[in-house]
Amino acid sequence: QVQLVESGGGLVQAGGSLRLSCAASGSIFSINAMGWYRQAPGKQRELVVIKTSGGITNYADAVKGRFTISRDNAKNTVYLQMNNLKPEDTAVYYCKASGVRSYYSRGDYWGQGTQVTVSS
């Protein structure tokens, strides 16, 4: 069974930095895209950034120039370096793996979410 495990969330002051990690496991052959979404209280889940196995990257306008995604395809792991954090970045951040092919299944998978809180 495919699982995504996230780590790295926490509380930080505005202007600070955090690094999120997400590792996918479960007899995986390939993953098309890995990325991060976030959901703030009372709001819909939104895309933060996504990166394909071929290196194509798409950032939300709100995080361009501040957040950087990196991906280790061999380890099925994706990272999100978040710099110059703002209070409006406060949300639960979810990792998503899309187009997963594993020994047992195919599909898209989500992590459990990790809280990021930015104080002003």
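Author: Let's start with a word we'll need: buried means under 20% relative accessible area, while exposed means over 50%, with partly exposed in between. Keep in mind that this is a predicted model.

Reader: Got it. How many disulfides does a search of the whole structure find?

Author: General idea to begin with: a disulfide is a covalent bond between the sulfur atoms of two cysteines. Here the search turns up one disulfide. Cys22 and Cys95 make it, with their sulfur atoms 2.1 Å apart.

Reader: Which parts does that pair tie together?

Author: Cys22 sits in strand β3 (residues 18-25) and Cys95 in strand β9 (residues 91-102), so the link ties together parts that are 73 residues apart in sequence. As for handedness, the angle about the S-S bond is -80°, and the link of Cys22 and Cys95 is left-handed.

Reader: Is Cys22 buried or exposed?

Author: Use the cut-off from the start. Cys22 has 0% relative accessibility, so Cys22 counts as buried. Cys95 also comes out at 0% and counts as buried.

Reader: Back to β3. Which strand does β3 pair with over six bridges?

Author: That's strand β8 (residues 77-82), and the pairing is antiparallel. In this pairing Cys22 stands opposite Val78 in β8. Strand β1 (residues 3-7) is also antiparallel to β3, joined by five bridges. There, Leu4 stands opposite Ala24 in β3.

Reader: Now the charged side chains. How many salt bridges does the count come to?

Author: The idea is to look for a side-chain nitrogen of Lys or Arg within 4 Å of a carboxyl oxygen of Asp or Glu. By that rule there are four salt bridges. One of them pairs Arg38 with Glu46, whose closest N and O atoms are 2.8 Å apart.

Reader: What about Arg66 and Asp89: how far is N from O?

Author: Their side chains meet in a salt bridge at 2.7 Å, N to O. Arg66 lies in the loop between β6 (57-59) and β7 (67-72), and Asp89 in the loop between β8 and β9, so this pair ties together parts that are 23 residues apart in sequence. Both Arg66 and Asp89 are buried.

Reader: Which residues are linked in a network of salt bridges?

Author: Arg38, Glu46, Arg66 and Asp89. Another salt bridge joins the side chains of Asp61 and Lys64, at 3.1 Å from N to O. Asp61 is exposed, with a relative accessible area of 64%.

Conventions. Residues numbered from 1 in each chain as written. Predicted model: local features only at pLDDT ≥ 70, side-chain atom pairs only at ≥ 80, totals over all residues. Heavy atoms only, no water. Disulfide = S-S within 2.5 Å. Helix = DSSP H or I, 4+ residues; strand = E, 2+ residues; numbered from the N terminus. Buried < 20%, exposed > 50% of the residue type's maximum accessible area, 1.4 Å probe, protein only. Pairing = 2+ DSSP bridges.
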